[in-house]
Amino acid sequence: MDPAILFLILTTAVKIVVFTFVFTLPIIAYSTYAERRVSSIIQDRVGPNRVGIPLTLFGAKKDIPFAGLLQPLADGLKAFLKEDLVPAHVRKFFFWIAPALTAAPAFLCICIIPFGSSITVFDQPVKLVIADIDAGPLFVFAIASLSVYGITFAGWASNNKYSFLGGVRSCAQMISYEISLGLSLIPVLMVFGQLNLSDIVHSQADNGWTLLPLWNEHGSVFDAAYWQNCKEQWLLMIPLTISFIIFTTSIFAETNRMPFDLPECETELVGGYHTEYSSMKFALFFLGEYAAMIVGSAIIVTLFFGGWSLGFGLDTAISNMALGGLLHILIFLTKVIAFVIFFIWVRWTVPRFRYDQLMKLGWVVFFELALVNIFITAGIIMLLN
Amino acid sequence: MAIIKIKRPQLTIAEKLYLPAVIKGLSITLGHAIRAVLGKTPGAKRNFNSSGMGITMQYPETKWDDQLPDYYRGVPALVTDEKGRERCVSCQLCEFICPPKAIAIIPTEIESDDPWAKVEKRPQEFDIDMTRCIYCGMCEEVCPEQAIYLRQDYAMTGLSRAEMVNDKERLYEIGGVREGLVNKWNDIK
């Protein structure tokens, strides 16, 4: 086989394993832990702080609690060991396929996210993104919206009125917010003039983050040359901030997070679409939800907060370092985790929308605002040229 | 019937936008979270033995014990007096009053050569089933001999049902010696 192709296949395989199983899955596991701890801090509680190494099982006097950091492991073990109950009244095929259909699209989206700049392996540069395709955001929209099938199937196959309502709500909600999600991104793509996420991050590293243009090719805020050339960046900030607000809110709606968690909505629908699910099937829904949340925050970070770049013109220096690519991965993951905590923080602050308010916000406010925003951006770009 | 027209509040533009309200809410929760981490929330400052994370008392490390009021009703137990006499005369009033029927007494006569033979009866077996006990304190209230008391112990644990039954020996061990009670039997010859 051609060594170049073999090299490509091998590096891609390694990237898939590392990015999915070493980075994303632990972050998913620990975002459930973070969710419980952060919510407990906000609500004056303690949260899970006990699960550690159970030395008492081996005769020691005390366990090592580790502030409960092993809680996700215990949760996963519990999900595996619980009885997998399939009620008699469900449609078996769809009931079985639904959890996988919810989790798989979220994991698929990981492949276009640039985790870092690039590292050199055997004198060849390897970009730290699984699939460096020229249709990044479009791929995300195409794949991520597939997860609505999982939820709708789950709601319908469960043969239960609460699940059904949850599935129907989820379907309507995801389709509604898909529109504003896509439209709100067009101004960003107009500014960058391309769809390749790696190149978008590169240009953010050089010209300032989309929402934080504190530097450009002339220097950073500390240089006089920057202040003579930064006018257009700051002017474009106005539509881009609107884009950011619409996009982030739509991501909240797409991932079924509070304040848009109407598909689950414990107080009205018992558990919504996953009422009838137990054991690992339920855990897959849970996993899919958190994976979607992490992919969502990764995309927000990539498009609006400079992806893996540190900014202030320091990125070329980091790239030239021996393990600079890995440092970029660390920067990226830090940003993603910060955003995940923001998701959690919002969840425990904003109460759930009423269903008509949700629809009104999606169709009357965000849809129009995103449309107008495209024209504003176009006008500004036309003015500047 | 009169129709009451509800007047909706007039919202300002900032309120209609909803975003400032969200930011305000976020700042409130963030402020509370910071105060919670620093242990300065109102809950953490209360008098209970809270662990500093809100009002929560983290059980095995921090305990109720010094916060219990005098009237706290815990595990019922039998007591002996200053002279080492077991005060129960097995009248079985507590057994009869006990709402969940947790107490089971088998009375026996005191032998004639015993220094306390004049009391006539003592319990041979005295079992309190702690899986049934509801800590109502009626046994203490009904006892004519001041022999049974609800102690401040609350952590009754056991790995089996049999372990949760306190027998006579265990009851005297929990109860211990109680002084300053009415000792009517001392005067009777």
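**Notebook: sheet, hairpin and chain contact**

I began with chain B, where three strands form an open sheet in the order 2-3-5, with antiparallel pairing. The edge strands are strand 2 and strand 5 of chain B, each of which pairs on one side only. I note here that the model is a predicted one.

Next I looked at what packs on this sheet. I found helix 6 of chain B, residues 168–175, touching strand 3 and strand 5 of chain B. I read about 85 degrees between the direction of helix 6 and that of strand 3 of chain B.

I then went through the pairings within the sheet. Strand 2 (residues 103–109) and strand 3 (residues 121–129) of chain B run antiparallel and are joined by seven bridges. I looked up Ile105(B) and found Phe126(B) as its bridge partner in strand 3 of chain B. On to strand 5 of chain B, residues 165–166: I found two bridges between strand 5 and strand 3 of chain B, again in the antiparallel sense. Here Asn166(B) in strand 5 of chain B is the residue opposite Ile128(B). For reading side chains off a sheet, I keep in mind that in a regular strand they alternate between the two faces.

**Chain A: hairpin**

I turned to strand 1 (residues 118–121) and strand 2 (residues 124–127) of chain A, which pair antiparallel over four bridges. The two strands make a hairpin with two residues between them. I checked the turn and found that Phe122(A) has a positive phi of about 50 degrees. For the partners, I noted Lys127(A) as the bridge partner of Ser118(A), and Val126(A) opposite Ile119(A).

**Chain A: a salt bridge**

I looked up salt bridges and got eleven for the structure over all chains. The one I followed up is Arg257(A) with Glu35(A), whose closest N and O atoms are 2.8 Å apart. This pair links distant parts of the chain, the two residues being 222 residues apart. I placed Arg257(A) in the loop between helix 9 (231–254) and helix 10 (266–269) of chain A, and Glu35(A) in helix 1 (residues 3–42) of chain A.

**Contact between the chains**

Last I took the contact of chain A with chain B. I counted 16 residues from chain A and 21 residues from chain B in this contact. Together the chains bury about 1400 Å², and 68% of that is on carbon and sulfur atoms. On the chain A side, Ile41(A), Asp44(A) and Trp345(A) lose the most area to chain B, together 37% of what that side buries. I looked for salt bridges between chain A and chain B and the count is zero.

I also checked the helices there. Helix 13 (residues 324–347) of chain A packs against helix 2 (residues 19–37) of chain B at an angle of about 100 degrees, with axes 10 Å apart. From helix 13 of chain A, Phe342(A), Trp345(A) and Val346(A) meet Leu26(B), Thr29(B) and Leu30(B) in helix 2 of chain B. I sorted the residues of this helix contact into five nonpolar, one polar and no charged.

Note on methods: Residues are numbered from 1 along each chain as its sequence is written. Chains are lettered from A and ligands numbered from 1 in the order in which they are written. This is a predicted model: local features need pLDDT of at least 70, side-chain atom pairs count only at pLDDT 80 or more; totals for chains, interfaces and linings use all residues. Side-chain values use heavy atoms; hydrogens and water are left out. Two strands pair if DSSP finds at least two bridges between them. Axes are lines fitted to C-alpha atoms, for helices over the stretch in contact, and angles run from 0 to 180 degrees between N-to-C directions. Contact means heavy atoms within 4.5 Å. Ala, Val, Leu, Ile, Met, Phe, Trp, Tyr, Cys and Pro count as nonpolar, Asp, Glu, Lys and Arg as charged, and the others, Gly among them, as polar. Buried area is the accessible area (1.4 Å probe) that two parts lose on being put together, summed over both. A salt bridge is a side-chain nitrogen of Lys or Arg within 4 Å of a carboxyl oxygen of Asp or Glu.
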